[in-house]
Amino acid sequence: SSISVKTSSGMLEKLETIARQLKLKCIQNPQPPSLVHLFITSEAFYIDIVIDSSGNVMKVNIHHQVSKGVGASNSGTVQNCPEIVECLNKQDFDTFVKHLEGLNGVYDLNCNLQDKSRAWQVLCNVE
């Protein structure tokens with residue numbers, strides 16, 4: 001949309017609206033004095049978006065959940081995403097939606113979380 005986001009509450013509201021449209025969940029975690037972590041979550045991943053008091057996005061990390069199969073660690077993998085930071089700070093929300101749709105697409109498999117985790121690992125190894 002063409003409405004400019006100028007505050008952290010405006011950015012949070014915009015991102016939560018986008019997440020809801022894509023059937024993802026949001027959790028806000030304010031960090032004193034002036035940062036907010038917005039977690040956009042699904043079964044297989046979550047995105048940690050760090051927003052300052054003026055609505056600037058400071059950092060975006062995608063955490064890929066790794067299934068907790070027998071003998072597996074439960075750490076998962078973390079992916080730093082400067083390209084998402086850049087598109088959000090430019091208020092290019094269409095590109096952000098494409099990133100979320102792409103993530104959803106990777107995990108849109110008719111299988112359990114362990115198999116989805118394996119599929120993600122295969123894609124990472126191919127890259």
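Trainee: What makes up the protein, and in what order do the elements run?

Mentor: The predicted model has 4 helices and 5 strands, and from the N terminus on the elements run α-β-β-β-β-β-α-α-α.

Trainee: How do you know that the strands belong to an open sheet, and which strands are at the edges?

Mentor: The 5 strands form an open sheet in the order β1-β2-β3-β4-β5, with antiparallel pairing. The edge strands are β1 (25-31) and β5, because each pairs on one side only. From one strand to the next, the twist averages 20 degrees.

Trainee: What makes β3 and β4 count as paired strands?

Mentor: Two strands pair if there are at least two bridges between them, and strand β3 (residues 45-51) and β4 are joined in the antiparallel sense over 7 bridges, so the pair meets the requirement. Within this pairing D48 stands opposite N61, while I47 stands opposite I62. The two strands form a hairpin with 5 residues between them, and G55 in the turn has a positive phi of about 90 degrees.

Trainee: Why is strand β4 described as largely enclosed?

Mentor: Strand β4 (residues 57-64) has 6 of its 8 residues buried, so the strand is largely enclosed by the rest of the structure. For the protein, 38% of the 127 residues count as buried.

Trainee: Why is H37 called buried?

Mentor: A residue is buried when its relative accessible area is under 20%, and H37, with a relative accessible area of 16%, is therefore buried. H37 is found in strand β2 (residues 35-41).

Trainee: How do you know that the side chains of H37 and D48 make a polar contact?

Mentor: A polar contact requires N or O atoms within 3.5 Å, one able to donate a hydrogen and the other to accept it, and the side chains of H37 and D48 are joined by such a contact of 2.7 Å. Leaving aside neighbours within four places in sequence, H37 is in contact with I27, Q28, N29, Q31, D48, I49 and V50.

Trainee: Is K23 buried or exposed, and what is noted about its phi?

Mentor: Exposed means over 50%, and K23 has 75% relative accessibility, so K23 counts as exposed. The place of K23 is in the loop between α1 and β1, and its phi is near 60 degrees, a positive value in a residue other than glycine.

Trainee: Why is Q91 called partly exposed?

Mentor: The value for Q91 is 23% relative accessibility, which lies between the 20% limit for buried and the 50% limit for exposed, so Q91 counts as partly exposed. Q91 is found in the loop between α2 and α3, and has a positive phi of about 60 degrees although it is not a glycine.

Trainee: What makes the largest nonpolar core a core, and which residues touch the most other members?

Mentor: A nonpolar core is a set of buried nonpolar residues, such as Leu, Ile, Val and Phe, joined through side-chain atoms within 4.5 Å. Of the 28 residues in the largest one, L15, I47, I49, V60, L88 and F96 touch the most other members. The elements α1 (8-21), β2, β3, β4, α2 and α3 (93-107) each supply at least two residues of this core. In soluble globular proteins, nonpolar side chains tend to be buried together.

Trainee: What is I47 in contact with?

Mentor: Leaving aside neighbours within four places in sequence, I47 is in contact with L38, F39, I40, V60, N61, I62, L100 and L103.

Trainee: Where does α2 lie, and which of its residues are buried?

Mentor: Helix α2 lies across β3, β4 and β5, running at about 135 degrees to β4. In helix α2 (residues 82-89), I84, V85, C87 and L88 are buried.

Terms used: Residues numbered from 1 in each chain as written. Predicted model: local features only at pLDDT ≥ 70, side-chain atom pairs only at ≥ 80, totals over all residues. Heavy atoms only, no water. Buried < 20%, exposed > 50% of the residue type's maximum accessible area, 1.4 Å probe, protein only. Contact = heavy atoms within 4.5 Å. Axes fitted to C-alpha atoms, helices over the stretch in contact; angles between N-to-C directions.
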